[in-house]
Amino acid sequence: ACVAGVFSLEDGLKLAAARGRLMGALPQNGEMVAVSADEASVRQAIAPYAAGVSIAAVNGPESVTISGLRTAVLAICAQLAAADVKTQRLNVSHAFHSPLMDPMLEPFEAVAASITYHKPALRLISNVTGKLAGDEITRPQYWVRHVRQTVRFADGLATLAEQRAAVWIEIGPKPALLGMAGQSHAAGTALALLPSLRPRQGDTAQMLAALAELYVRGVE
């Protein structure tokens, strides 16, 4: 959003810092678990626990993350294991994108309301909808929903493919998302999946390698 011109770097840092601070102050009584099943099946499994557990992310056709109160999440995992559904607990401090985030939403909205927003100067895909973002991304309420609602990563990849993006670059310290992108049906349209940085590799060498890959594909 910052790169697309929705807000300044200073405001983006202010928003991110407040989000992290408010989340970090919440009780650490949550759990996040990756489930190897489709979204509909997972929704059915968590339905009896809806007050305390949500779908945090849909990363692929058979890759869904659930998040919420630890006791409820572990009970769901036991039921899934009995049905031979693979699960993996994630090493996180809190249950993000779950009802356990609700106490921080109001103070976070106050911070979000203090930010200056602009219409995106570049096309931007929303994690909340998985579609191209519109004017909603310039309103504080969107960023509150962004904290709480499901991350529609798989839908975002599909939208990216619809835009005929030939090169996908992950911006971050290690390629955590490219693996999921590579497993997506949408990645069939991508010519290159490039990391900006990799652990245990020199930063400059990796950045230059990615730059070279972009150059030979005609990117300015």
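How many aromatic pairs does the count come to?

## Aromatic pairs

The count comes to three aromatic pairs. The model is a predicted one. Ring pairs join F7, Y117, Y142 and W143 into a cluster.

One of the pairs is F7 with W143. Their ring centres lie 5.4 Å apart and their planes stand at 55°, so this pair is tilted. It links distant parts of the chain. F7 sits in the segment before α1, W143 lies in helix α5, and 136 residues separate them.

Are these two residues buried or exposed? F7 has a relative accessible area of 8%, so F7 is buried, the cut-off being under 20%. W143 is at 10% relative accessibility and counts as buried too.

A further pair is formed by Y142 and W143. Its geometry is edge-to-face. The centres are 5.0 Å apart, with 85° between the planes. Y142 is buried, as is W143.

## Helix α1 against helix α4

Helix α1 spans residues 9–24, and helix α4 spans residues 105–112. Their axes come within 10 Å. They cross at roughly 165°. Angles over 145 degrees count as roughly antiparallel, so α1 is roughly antiparallel to α4. The crossing of α1 past α4 is right-handed.

Which residues of α1 and α4 meet? From α1 come K14, L15, A18, R19 and L22. From α4 come P107, F108, V111 and A112. Seven residues of this contact are nonpolar and two are charged. No polar residue takes part.

## Helix α4 against helix α5

Helix α5 covers residues 140–148. It packs with α4 at an angle of about 140°. The two axes are 9 Å apart. That angle makes α4 oblique to α5. Here too the handedness can be given: α4 passes α5 in a right-handed crossing.

On the α4 side, the contact is made by L105, F108, E109 and A112. On the α5 side, P140, Q141, W143, V144, V147 and R148 contribute. The residues of this contact divide into seven nonpolar, one polar and two charged.

Methods: Residues numbered from 1 in each chain as written. Predicted model: local features only at pLDDT ≥ 70, side-chain atom pairs only at ≥ 80, totals over all residues. Heavy atoms only, no water. Axes fitted to C-alpha atoms, helices over the stretch in contact; angles between N-to-C directions. Helix = DSSP H or I, 4+ residues; strand = E, 2+ residues; numbered from the N terminus. Parallel < 35°, antiparallel > 145°, perpendicular 65-115°, else oblique. Left-handed = near helix turned anticlockwise from the far one by under 90°. Contact = heavy atoms within 4.5 Å. Nonpolar A, V, L, I, M, F, W, Y, C, P; charged D, E, K, R; others polar. Phe/Tyr/Trp six-rings, centres within 6.5 Å; stacked < 30°, edge-to-face > 60°. Buried < 20%, exposed > 50% of the residue type's maximum accessible area, 1.4 Å probe, protein only.
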